[in-house]
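Here are some exercises to work through with the model open beside you. Try each task before you read its solution.

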Amino acid sequence: MKINSIKTKQTFCKTPVMKCKIKKTQSNEESESTLYKMDCLNKSDLDEVKYSKIARYIYYPMLNDSENDFHYREYYILKDDNTNEVISCAQTSRHYRADNVEYPGYTTLIEEMKNNLKYVNPEEPVFAYLANHAINQYDSSLSIGFYPHNTKSLKHNNFSETKNGDWIIPEQRFLNLIDNASKRNQIEFII
C-alpha cells in the first residue's frame, strides 16, 4: 500500500492582538482601534493589505512570504473599529545580534512601518505591542530597520540612537514604553 504525502499550508485569518484608543488629529476625538496580526497565507488578508492606502506599503514582502515555506516576518495592521480605516502598519522580524557589543542578543526588528497622519502618534500603541511581544520572546532590544522620517516620535517613544545610527529600545525600557502608551491609549493586550 502506498501512502501519498500531502503538503498543505495552514492558513488562518487576521488575529486581533490588542485593543486601544487613538485620537484623531482634527477632531481630537478618540477612536476605538484594534491591532491585528495578519496571516500572509490568507488570501483575504493579502487583499485587505493590497487595497489599503496605508497598508499597501507592506504588501509585496507579505506576498513574497506567502510563496515561501518558511515565514520569519510578522505583519501587523492597526485599524479604526468604526471606520475600518488603517491607522498604522508594521512589518517585523527577529534577528540575533552577535557582533553588537552594546546591545547583544535577539532583537525584534521593525523592518517597515507606515502611519496614517489623520491620527495622533499612531505608532505608539504598535511600538508598545511589539515591546510586549519582545518581552514574551526574551528579546534584548527592539530596533528600527528603516530610515525614520520623524526622529522626534522615536525619541518620544524611548528609542535611542546608537553610534552607528541605529534606533533601539533596550529591554530595560520596554516596561516604561508599555506603561506610557497604556496610559495615553488605554491599551488592552489580547494575546
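**Exercise 1. Find which residues isoleucine 191 touches, not counting residues up to four places away in sequence.**

Step 1: take contact as heavy atoms within 4.5 Å. Step 2: list the partners of isoleucine 191, which are Thr15, Pro16, Val17, Tyr129 and Asn132. Step 4: check exposure, with buried meaning under 20% relative accessible area, exposed over 50% and partly exposed in between (1.4 Å probe, protein chains only). Isoleucine 191 has a relative accessible area of 56%, so it is exposed.

A word on the source: this is a predicted model, in which local features need pLDDT of at least 70 and side-chain atom pairs count only at pLDDT 80 or more, while totals for chains, interfaces and linings use all residues. Residues are numbered from 1 along each chain as its sequence is written, and side-chain values use heavy atoms, with hydrogens and water left out.

**Exercise 2. Work out how many of the residues of H3 are buried.**

Step 1: H3 has 14 residues and reaches 20 Å from first to last C-alpha, close to the 20 Å expected. Step 2: count the buried residues; 12 of the 14 qualify, so H3 is largely enclosed by the rest of the structure. Among them are Glu123, Phe127, Tyr129 and His133. Step 3: look past the helix to tyrosine 138, whose phi is positive, near 60°.

**Exercise 3. Decide which residues of H5 are buried and which are exposed.**

Step 1: the buried residues of H5 are Phe174, Leu177, Ile178, Ala181 and Asn185. They cover an arc of only 95° around the axis (taken from the directions from the helix axis to the C-beta atoms), which puts them on the same side of H5. Step 2: recall that an α-helix has 3.6 residues a turn, so residues three or four places apart point the same way. Step 3: on the other side of H5, Leu175 and Lys183 are exposed. Step 4: find the cover over the buried residues of H5, which includes strand E1 (15–23), helix H3 (123–136) and strand E6 (141–144). Step 5: after H5 comes glutamine 186, with a positive phi near 50°.

Conventions:
Helices (H or I, at least four residues) and strands (E, at least two) are DSSP runs, numbered from the N terminus. The expected span of a helix is 1.5 Å times one less than its number of residues.
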